[in-house]
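Subject: Structure handover

Hello,

Here is the structure I promised to pass on. Please open it beside this email and follow along.

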Amino acid sequence: RQQGLLKEKIVFWYLKKCEAEKIMRLDTQYTLFFTILIICITVGYSHVLQLKQCRNFDAEFSKITYGQRLLGDIFKTLDSISLRRCLTKCLYYMGCLSVNYMRTNQICEILGNSLQRNSSAALSSNETWNHFETNYDRKTIGISCFKSNPCPADKRCVDNCDGLTTCVSITVESLRGHLTTITASTESPSWGSASKAFDGSETSQWHTQGGASQKHWIKAEFQSRVFVDYIVFVNRFEQFIDMRNNNMDLFTSISVGGAQDRYIWFANTGDLEGKKRRMFSCMRYADAFYAEQPQGLSNTVNIMEVWIYGAQV
């Protein structure tokens, strides 16, 4: 009988041991499952990338729009490429603000536009596409400068690629002397050519002709690439005329491979009625400055001056 009780105890102990091990295995499996799930959720909501090359900084693609494709301003289209490689490619393009990615066909579109920088950017509903946006400022200046900028206003923060920063002295100057070709949609020989908008004189102006049936635009090219800190837009300050330059979109232009220009929006003049001057921060590299007023807003545009300030690269 004692032997029978001993056998029962051994069997009971063995069953309890097996049950405990089973629970432990289940706990381990559940822990592993939820760990993987958390990682997947984190990766799904934020793609953080970093290039090994010095001065090619990291970017966090945390602003994701599923089932949407941002239209226009495509730098480059890449085929048969993974999502991670697509996002990494964006780091190589100075003006890249976002990407569109089609998972089914592995198509990547590198974009010079974003919803953050341009609220009027158009999205198209398409369940095969997803749209990814990065923090442009962090991408441009580097993660160390982005986290903590120790530099005063007259110096620019430079990321040294080793977690340290350096404050580099900069001299912001007028870039008027670096301008070359100036073109426009139209100009009035009697009232003012396009070059008058950049001649430094507030007594002359660029005056369009042709009416509101067309889009008014002006472009000023630089001799070489520059860094534009800010611009001052000088309006024609006369009653019933000061609203003619309302809602002009301002862009920098980057030449891609010397064959094609990519325009990157940075500001809109807004309502200028009753305003003589407005200053707009740019903080972009540029090969040219470009401004346009959409068709139908004004019969005539009268820009007194566009003062561009920055430094040669």
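Is S80 buried or exposed? S80 is exposed, with a relative accessible area of 59%. The cut-offs are these: buried is under 20% relative accessible area, exposed is over 50%, and partly exposed is in between (1.4 Å probe, protein chains only).

Two notes on the source. This is a predicted model, in which local features need pLDDT of at least 70 and side-chain atom pairs count only at pLDDT 80 or more, while totals for chains, interfaces and linings use all residues. Residues are numbered from 1 along each chain as its sequence is written, and side-chain values use heavy atoms, with hydrogens and water left out.

**Overview**

The chain has four helices and 17 strands. These are DSSP runs, numbered from the N terminus: helices are H or I with at least four residues, strands are E with at least two. Of the 313 residues, 40% count as buried. Among contacts with a separation of 6 or more, 67% come from residues 24 or more positions apart. Contact means heavy atoms within 4.5 Å.

**Backbone**

Back to S80. This residue sits in the loop between strand 4 and helix 2 (83-92). Its phi is positive, about 50°, although S80 is not a glycine. N247 also has a positive phi, near 55°, and is a residue other than glycine. Look for N247 in the loop between strand 13 and strand 14. N247 is partly exposed, at 34% relative accessible area. For context, most residues other than glycine have a negative phi.

Five strands form an open sheet in the order 3-7-5-6-4, with antiparallel pairing. Strands pair if DSSP finds at least two bridges between them. Strand 3 (63-70) and strand 4 (74-78) are the edges, and each pairs on one side only. From one strand to the next, the twist averages 30°. Axes here are lines fitted to C-alpha atoms, for helices over the stretch in contact, and angles run from 0 to 180 degrees between N-to-C directions.

Take the pairing of strand 3 with strand 7 (residues 123-133). These two are antiparallel and share seven bridges. L70 stands opposite L123 in strand 7.

R69 lies over the face of W129, 4.4 Å from the ring centre. The rule: NZ of Lys or CZ of Arg is within 6 Å of the ring centre and within 35 degrees of the ring normal.

**Salt bridges**

How many salt bridges does the structure hold? There are four. Each is a side-chain nitrogen of Lys or Arg within 4 Å of a carboxyl oxygen of Asp or Glu. Three of them follow.

- E202 and R277 meet at 2.7 Å, N to O. E202 is in the loop between strand 11 (179-184) and strand 12 (206-207), while R277 is in strand 16 (residues 277-293), 75 residues apart. E202 is partly exposed at 27%. R277 is partly exposed too, at 42%.
- E292 bridges to K215, with the closest N and O atoms 3.5 Å apart. E292 lies in strand 16 and K215 in the loop between strand 12 and strand 13 (216-235), so the pair ties together parts 77 residues apart in sequence. E292 is buried at 16%. K215 is partly exposed at 36%.
- D287 bridges to R225, with the closest N and O atoms 2.8 Å apart. D287 lies in strand 16 and R225 in strand 13, so this pair ties together parts 62 residues apart in sequence. D287 is buried at 17%. R225 is partly exposed at 28%.

What else does D287 touch? Leaving out residues up to four places away in sequence, D287 touches E221, F222, R225, S253, I254 and S255.

**Aromatic pairs**

The structure holds six aromatic pairs. Rings of Phe, Tyr and Trp (its six-membered ring) pair if their centres lie within 6.5 Å; planes under 30 degrees apart count as stacked, over 60 as edge-to-face and the rest as tilted. F251 and Y290 have ring centres 5.8 Å apart and planes at 55°, so the pair is tilted. F251 is in strand 14 (residues 249-256) and Y290 in strand 16, 39 residues apart. Both F251 and Y290 are buried. W217, F251, Y263 and Y290 form one aromatic cluster.

Best wishes
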